[in-house]
Amino acid sequence: MDAKLFSQAIVKFLSGLLLVGLLLFLPAGTFAFWQAWLLMGILFVPMFLAGLVMMQKSPALLRKRLDAREAQSEQRAVIALSGLMFLAAFIVAGLNFRFGWIVMPAWVSYVSAVVFLLAYGLYAEVLRENVWLSRTVEVQENQKVIDTGLYGLVRHPMYMSTLLLFLSMPLVLGSVISLAIMLVYIPIIAKRIRNEEQVLENGLEGYTDYKKRVRYKVIPFVW
């Protein structure tokens, strides 16, 4: 086992756990925010288990997923906007619990948790299918076009899974206001995809032909 990679992964995992906890429980003013515990459970337990599997089976992919340093200035702006979106959505969810602005029935949180876990499974399948999948927009050495499995349905199945993940999160937290905030993710990923496809067309052999074969970007028959 790569000790350096393991340490890097653990530090990022614990940092994320602490940050999300602070963003949810501080605005809520209590640890009785049960929807926050539900979200953290379905978010971080699978993340930890997936990290262990990747550490053993595909450490190179894990290393790439931990590296979030974007070379593209346009993509750095996208990351910054996404960060602001999450900050606002989580803080508002905590405040919504504290002040009871819009109270949603508990079943909404449970159903949304199931959707979140299904989307997590979709995310894992994308990682399995594409060993070149990086968190940054780039063309890697010896990279090839993947056009099988989910990549035969849409060109960006990773964004399909993250769209489901991010839009189910605020409903797990019981906050329709946070859901409205998270809808900003749609134009954010649209902007990211435009830039990403320019990079891939310019640097990845066969990508232009792949675009002609697979028409839809994120959602089959819709987008």
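Modeller: Contact here means heavy atoms within 4.5 Å. The model is a predicted one, in which local features need pLDDT of at least 70, side-chain atom pairs count only at pLDDT 80 or more, and totals for chains, interfaces and linings use all residues. Residues are numbered from 1 along each chain as its sequence is written, and side-chain values use heavy atoms, with hydrogens and water left out.

Colleague: Which residues does Phe-116 touch, not counting residues up to four places away in sequence?

Modeller: Phe-116 touches Leu-39, Ile-42, Leu-43, Leu-165, Ser-168 and Met-169.

Colleague: How is a pair of packed helices described?

Modeller: One gives the angle between their axes and the distance between the axes. Axes are lines fitted to C-alpha atoms, for helices over the stretch in contact, and angles run from 0 to 180 degrees between N-to-C directions. Helices are DSSP runs (H or I, at least four residues), numbered from the N terminus. In this model, α2 and α5 pack at about 15 degrees, their axes lying 11 Å apart. α2 is therefore roughly parallel to α5, a term for angles under 35 degrees. Among the residues making this contact are Leu-39 and Ile-42 of α2, and Phe-116 and Tyr-120 of α5.

Colleague: Where is Leu-122 found, and which residues is Leu-122 in contact with, leaving aside neighbours within four places in sequence?

Modeller: Leu-122 belongs to helix α5. Beyond those neighbours, Leu-122 contacts Leu-150, Met-160, Ser-161 and Leu-164. Leu-122 and Ser-161 are 39 residues apart along the chain, yet 5.9 Å separates their C-alpha atoms.

Notes:
Helix = DSSP H or I, 4+ residues; strand = E, 2+ residues; numbered from the N terminus. Parallel < 35°, antiparallel > 145°, perpendicular 65-115°, else oblique.
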